Amino acid sequence: MAERNMSMEKCPMPVQDPDVRNKNFDEVALGYTYEMAVNEARRCLNCKNKPCTSACPVQIDIPAFIERVANEDIEGAYEVLSKQTSLPAVCGRVCPQENQCEGKCVRGIKGEAVGIGRLERFVADYHREHCTEAPVKPESNGHKVAVIGAGPSGLTVAGDLAKMGYEVTIYEALHLAGGVLVYGIPEFRLPKSIVQKEIDNLKAIGVDVQTNMVIGRILTIDELFEMGNEAVFVGSGAGLPRFMNIPGESLKGVYSANEFLTRINLMKAYKEDSKTPIQHAKKVAVVGGGNVAMDAARSAKRLGAEEVYIVYRRGMEELPARKEEVEHAEEEGIIFKTLNNPLEILGDEDGMVCGMKCIEMELGEPDESGRRRPVAKEGSEFVLDVDSVIMAIGTSPNPLIRSTTPGLETNNRGCLITKDENGQTTREGVYAGGDAVTGAATVILAMGAGKAAAKSIDEYIKSKN
Amino acid sequence: MYKIVKKESLNPTVSKMVIEAPLIAKKAEPGQFIIFRAKEDSERVPLTISDFDREAGTVTIIYQIVGGATMELDTLKEGESLHDFVGPLGVPTHTEGLKKVAVIGGGVGSAIAYPVTKKLHKMGAEVHAIVGFRNKDLVILEDEFKNASDKFVMMTDDGSYGEKGLVTDALEKLINEGNDYDEVIAIGPLIMMKFVCLTTKKYDIKTVVSMNPIMIDGTGMCGGCRLTVGGETKFACVDGPDFDGHLVDFDEAMHRGTMYKDFETKAREASCNLLKGANA
Ligand SMILES: Cc1cc2nc3c(=O)[nH]c(=O)nc-3n(C[C@H](O)[C@H](O)[C@H](O)COP(=O)(O)OP(=O)(O)OC[C@H]3O[C@@H](n4cnc5c(N)ncnc54)[C@H](O)[C@@H]3O)c2cc1C
Ligand SMILES: Cc1cc2nc3c(=O)[nH]c(=O)nc-3n(C[C@H](O)[C@H](O)[C@H](O)COP(=O)(O)OP(=O)(O)OC[C@H]3O[C@@H](n4cnc5c(N)ncnc54)[C@H](O)[C@@H]3O)c2cc1C
Ligand code: SF4
Ligand code: SF4
Ligand code: FES
């Protein structure tokens with residue numbers, strides 16, 4: 001048994017220097033070295049009741065995998081992770097750990113929690129770099145399943161079912177698989193090569209990935225059944241951007257975060273020789289306070305903006321983004337204008353953004369969600385000097401699939417209704433999960449929903465045959 | 001891969017390609033479009049489906065070479081393939097119940113106006129087609145329009161072919177001659193569509209226009225294609241591209257269309273140099 005490390009602090013994550021990284025798109029966090037990982041793993045107390053595991057949406061056996069790292073059995077640790085997650089390299093990077101596993105770690109009571117996410121990332125990266133075994137294609141069981149959308153939920157369903165022997169086809173609307181992992185989350189937080197590797201592995205075990213296929217247009221769900229699929233999984237995400245409906249939102253220089261990030265990530269506008277145009281603004285306001293807003297702000301900075309503001313109507317405490325991303329953004333020089341709300345975007349005679357009128361806010365009584373409701377301070381209007389505005393105030397599910405599929409019901413927010421956590425929708429044989437069901441949420445929840453759906457699809461098809 | 005079965009030049013800057021895309025051909029309806037990427041790292045660019053053959057499994061596109069992406073497309077030869085080709089996107093043009101229609105096409109917009117003209121004609125509606133070009137050299141699809149319409153008017157800005165004048169002059173003349181249209185469908189440059197709408201507004205004739213804002217995904221994900229229609233924000237790729245022309249804010253759409261002008265000018269120069277290099 002290795003000696004326990006009783007340091008109160010997490011082993012710090014090596015990162016690129018803020019003044020260097022805010023000018024490039026390379027990954028910010030560089031990952032633990034082998035020694036750092038083993039050392040950090042030895043801070044875990046291997047608690048019997050596993051409070052950390054109960055706070056992980058997919059119930060990873062955290063003490064078990066960490067113990068293997070402490071004992072320098074990295075492949076063993078990977079096996080433990082693999083039982084519960086198919087995207088450890090992704091979740092280890094982007095999970096809001098402080099609210100989940102690490103939030104409940106007993107080492108966090110007096111000191112810092114064990115770096116669970118960082119260890120998960122280390123194990124996944126180590127495995128990817130060292131594993132030489134090619135994935136094996138399982139023998140087919142002769143049953144076909146179609147998956148709509150190649151985001152984390154769809155990729156997980158496809159992988160799990162393929163491993164059980166199903167013949168799975170993923171239909172993806174864009175020219176590249178990965179969902180938000182490729183078009184939304186920037187390279188500096190999640191290198192695209194990692195996502196690509198996951199997709200290559202799926203292909204290697206027999207999953208057929210068909211890109212450029214917008215389901216609801218080129219094929220309907222009914223046609224997918226006619227083609228011999230016995231079940232269909234809808235993992236189409238929540239990609240429809242919301243705007244504020246304030247004057248000036250159609251001016252040139254106003255982007256939805258989705259458009260801005262898609263141009264940068266999917267269309268590679270950050271590269272010098274890219275054919276995709278993007279505005280290189282001097283002063284940018286990003287409206288919103290979640291992960292999406294942080295990603296947009298930090299990307300704008302990297303494109304060369306001198307000043308980038310986060311304009312959020314509540315306070316610093318209420319920012320919904322991951323803590324680490326907020327800290328990274330601050331280090332990179334993003335200016336937080338919290339407790340401010342936009343009223344109007346101002347334009348010049350060419351229809352180009354030249355400012356944004358805002359009003360100061362203060363926090364009043366708590367609302368239904370328990371958060372204190374922001375209220376405008378009368379007479380506090382001011383104009384923020386900006387030449388670009390990026391709206392990152394949320395997204396909702398795209399109506400295309402529900403409007404072309406009879407029997408598929410949605411709630412008043414446009415989310416598909418599922419009967420239970422297994423993802424069965426209101427239509428027989430159709431399952432759904434991820435953001436399409438929950439509205440914009442997290443990678444790990446989407447992946448977890450995919451795992452549950454794969455299990456119930458398997459049971460459903462077996463019960464029929 | 002999406003193979004180019006046939007390629008043909010229609011005028012010095014407009015070409016036609018017939019592409020192998022059986023699933024799209026099966027579903028395509030007039031008014032819908034595709035988004036292509038010529039090569040692995042190209043831009044995503046929308047083009048209208050200007051014809052389709054369900055049996056042969058092919059889709060026809062007609063494009064004007066205006067910038068980087070269309071130049072790159074034009075470098076591909078018959079037998080080669082496009083990297084990406086996604087569709088059919090957008091809502092098909094509404095044609096149900098129409099008995100008498102004037103279809104107006106301006107420039108390369110005629111290519112977009114042709115499939116709906118053909119469909120209306122097949123349905124048995126009385127179709128008057130008015131097409132306008134800057135000059136004789138730019139005329140495309142003349143025979144096709146003639147065969148698909150009950151009345152055909154050719155206009156050129158300089159009078160080098162057909163009648164001299166604008167499509168709005170021809171439309172107004174037909175209306176004044178007593179033609180009572182259920183609807184006018186206008187497709188072409190924004191400025192042309194704007195003036196057609198101002199004309200038809202006077203006579204209170206319902207007018208449908210096909211909007212062509214800058215797009216990326218074409219699935220409703222980016223909002224880049226948004227327009228203001230009747231005071232509401234609409235996404236052209238999923239709510240359109242057809243809209244009630246009397247409600248569209250054309251001035252805003254014209255502004256938004258120039259968003260990347262400088263970038264495109266540079267890209268175009270770079271491509272030109274590349275092409276020159278390749279030909280030298
Ligand atoms: C910028 C940004 C940053 C984020 N940061 C984090 C983070 O740090 N941590 C975290 O946990 N979560 C984060 N999220 C949220 C997380 O990415 C999503 O919750 C997750 O990706 C949802 O997965 P999904 O599989 O449900 O859908 P998506 O990832 O949205 O994938 C859906 C896929 O379906 C495709 N599709 C849609 N309609 C059709 C159709 N009709 N036919 C075919 N295909 C279709 C789409 O093109 C897309 O590829 C972030 C999101 C964004 C936008
Ligand atoms: C739904 C839809 C259907 C279309 N159908 C056709 C078609 O059938 N045939 C055809 O030739 N073109 C069509 N277009 C226009 C076509 O998409 C543009 O010409 C193309 O994007 C230009 O790309 P580029 O890189 O070659 O030129 P760029 O370098 O991008 O642009 C060159 C010039 O064209 C302008 N421009 C850029 N994008 C557009 C646009 N989307 N619409 C109008 N002007 C633009 C720019 O402001 C610039 O002045 C359609 C557009 C839409 C949205
Ligand atoms: S998946 Fe997320 S919540 Fe679960 S252990 Fe890993 S980082 Fe923590
Ligand atoms: S709560 Fe913390 S210390 Fe306890 S087992 Fe989990 S990670 Fe280890
Ligand atoms: S092109 Fe992106 S929403 Fe229409």
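Predicted model: local features only at pLDDT ≥ 70, side-chain atom pairs only at ≥ 80, totals over all residues.
Next I looked up the geometry. H5 covers residues 74-84 of chain A and H7 covers residues 116-130, and they pack at an angle of about 110° with axes 9 Å apart. Angles of 65 to 115 degrees count as roughly perpendicular, so I put H5(A) and H7(A) down as roughly perpendicular to each other.

Which residues make the contact? From H5(A) I listed A:Ile74, A:Glu75, A:Ala77, A:Tyr78 and A:Leu81. From H7(A) I listed A:Glu120, A:Phe122, A:Val123, A:Ala124, A:Tyr126 and A:His127. Sorted by class, that contact has 8 nonpolar, 1 polar and 2 charged residues.

Then I moved to chain B. I found an open sheet of 7 strands there, running E11-E10-E9-E8-E12-E13-E16, with mixed pairing. E11 (163-164) and E16 (242-244) of chain B stand at the edges with a single partner strand each, so each has one side without a neighbour in the sheet.

I picked one pair to follow. E9 (residues 126-133) and E10 (residues 151-156) of chain B pair in the parallel sense, over 6 bridges. In this pair, B:Val131 sits opposite B:Met154 of E10(B).

Last, I checked what packs on the sheet. Helix H3 (residues 109-123) of chain B touches E8, E9, E12 and E13, and its direction makes about 160° with that of E8(B). Helix H6 (residues 190-203) of chain B packs there too, touching E8, E12 and E13, at about 165° to the direction of E12(B).

Notes. Residues numbered from 1 in each chain as written. Chains lettered and ligands numbered in written order. Heavy atoms only, no water. Axes fitted to C-alpha atoms, helices over the stretch in contact; angles between N-to-C directions. Helix = DSSP H or I, 4+ residues; strand = E, 2+ residues; numbered from the N terminus. Parallel < 35°, antiparallel > 145°, perpendicular 65-115°, else oblique. Contact = heavy atoms within 4.5 Å. Nonpolar A, V, L, I, M, F, W, Y, C, P; charged D, E, K, R; others polar. Pairing = 2+ DSSP bridges.
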